[in-house]
Amino acid sequence: MVNITAPLRIGYLLFPAFTALDVFGPLNVLNLISIDHNMTLSLIAKNLDPISVDRTVIDGKVGGMLGNSASPNFTEFVLPTHTLETAPELDVIFVPGGPGTRNFNYTQPYVDWLRARMDDPELDYMMTVCTGASLLARTGKIAGKNATTNKASFNWVKSVEHADEVNWIAKARWVVDGNVWTSSGVSAGTDMALGWIEHMYGRNQSENVRNLMEWNSMNQTDDPFAEYYGLV
């Protein structure tokens, strides 16, 4: 259980070609709520090299799904604060999605790290955004649980190792099963983060954050994209 007298320790995994809004949408929510609640933030990656956003740049080389796009070098970089080896104990872990989740070799250390953290008694919440659910599914630690993911990539996520052991919910903005929270694609992560703030601190505080962000949120079951992508 979260100790309300101690800082809430939040960690965000970062890997090349994570989707920008998967990280910065929920972080905007957390930046605002942390004004009134004591929190710490760790940005965790394989090493401390700058991490490229929405494009795969590893050791200075451009590649990945968008390597042949019209603008392969159109990216930003984020500096991690910790490596997988130096990451502290955490109460909450966020896992973003993005093209980088499809790089199985590069993300295997993240999967191994998540598998170990799922067994950590200090962990209170595991939260994935978009195709970040594929990394968590690959751990085998959410077998039998309900989960959702990006609707455009829904069938791909269902194809990764151990994903056939998960009960994938096609029509859901986000899904809660115990301490595992999973959201649909991209912007859904911010809705999930606001829902989690309501769960943690109450409706008034989540509404205050939403209004400060001028964010038109969708509720947990409001998912027009499942029909759009032919999943229901």
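Me: Let us begin with strand pairing. Which residue of E13 is the bridge partner of Trp 174?

Reply: In a regular strand the side chains alternate between the two faces of the sheet. In this predicted model, the bridge partner of Trp 174 in E13 is Ser 183. The two strands concerned are E12 (residues 174–177) and E13 (residues 180–183), which run antiparallel and are joined by 4 bridges.

Me: What lies between the strands of the hairpin of E12 and E13?

Reply: The hairpin has 2 residues between its strands, and Gly 178 takes a positive phi near 65 degrees there.

Me: With which strand does E13 pair in the parallel sense?

Reply: Strand E9 (residues 125–128) pairs with E13 in the parallel sense, over 3 bridges. Within this pairing, Met 126 has Val 180 of E13 as its bridge partner.

Me: What is the order of the strands in the open sheet?

Reply: The sheet has 7 strands in the order E7-E2-E1-E8-E9-E13-E12, and the pairing is mixed. Its edge strands are E7 (82–83) and E12, each of which pairs on one side only.

Me: I turn to the aromatic rings. How many aromatic pairs are there?

Reply: A pair of aromatic rings is described by the distance of the centres and the angle of the planes. The count for this structure is 10 aromatic pairs. One of them is formed by Tyr 12 and Phe 94, which are stacked, with 5.0 Å from centre to centre and 20 degrees between the planes. Tyr 12 belongs to strand E1 (residues 8–13) and Phe 94 to strand E8 (residues 92–95), so the pair ties together parts that are 82 residues apart in sequence.

Me: Is Tyr 12 buried or exposed? And is Phe 94 buried or exposed?

Reply: Tyr 12 counts as buried because its relative accessibility is 0%. Phe 94 also has 0% relative accessibility and therefore counts as buried.

Me: Why is the pair of Phe 154 and Trp 168 edge-to-face?

Reply: The planes of the Phe 154 and Trp 168 rings stand at 80 degrees, with the centres 6.5 Å apart, so the pair is edge-to-face. It links distant parts of the chain, 14 residues apart: Phe 154 lies in helix H4 (residues 154–157) and Trp 168 in strand E11 (residues 167–168). Phe 154 is buried, its relative accessible area being 3%, and Trp 168 is buried with a relative accessible area of 11%.

Me: Which residues do ring pairs link into a cluster?

Reply: The cluster consists of Tyr 12, Phe 94, Tyr 125, Trp 181 and Trp 196.

Me: Rings may also be read together with charges. Over which ring does the charged end of Lys 46 sit?

Reply: The charged end of Lys 46 sits over the ring of Tyr 106, at 3.5 Å from its centre. In another case, the charged end of Arg 102 sits over the ring of Trp 156, 4.2 Å from its centre.

Me: How many salt bridges does the structure hold?

Reply: Side chains of opposite charge can pair when their charged atoms come close. The structure holds 10 salt bridges. Among them is that of Arg 173 with Asp 191, whose closest N and O atoms are 2.7 Å apart. This pair links distant parts of the chain, 18 residues apart, with Arg 173 in the loop between E11 and E12 and Asp 191 in helix H5 (residues 188–201). Both Arg 173 and Asp 191 are buried.

Me: Where do Glu 207 and Arg 203 lie?

Reply: Both are in helix H6 (residues 203–213), 4 residues apart, which is about one turn of the helix. Glu 207 counts as partly exposed at 22% relative accessibility, and Arg 203 counts as partly exposed at 49%.

Me: What is the N to O distance in the salt bridge of Arg 210 and Glu 207?

Reply: The distance is 2.9 Å, N to O. Arg 210 and Glu 207 are 3 residues apart in helix H6, about one turn of the helix. Arg 210 is buried, with a relative accessible area of 19%. Salt bridges that share partners join Glu 198, Arg 203, Glu 207 and Arg 210 into one network.

Me: Finally, which residues make the nonpolar surface patch of about 360 Å²?

Reply: The patch is made by Phe 225, Tyr 228 and Tyr 229. Phe 225 is found in helix H7 (residues 224–228) and is partly exposed, with a relative accessible area of 36%.

Notes:
Residues numbered from 1 in each chain as written. Predicted model: local features only at pLDDT ≥ 70, side-chain atom pairs only at ≥ 80, totals over all residues. Heavy atoms only, no water. Patch = residues over 30% accessible without salt bridge, like charges linked within 9 Å, V, L, I, M, F, W, Y side chains within 5 Å. Areas by Shrake-Rupley, 256 points an atom, 1.4 Å probe, with all protein chains shown as cover. Salt bridge = Lys/Arg side-chain N within 4 Å of Asp/Glu carboxyl O. Buried < 20%, exposed > 50% of the residue type's maximum accessible area, 1.4 Å probe, protein only. Phe/Tyr/Trp six-rings, centres within 6.5 Å; stacked < 30°, edge-to-face > 60°. Lys NZ or Arg CZ within 6 Å of the ring centre and 35° of its normal. Pairing = 2+ DSSP bridges.
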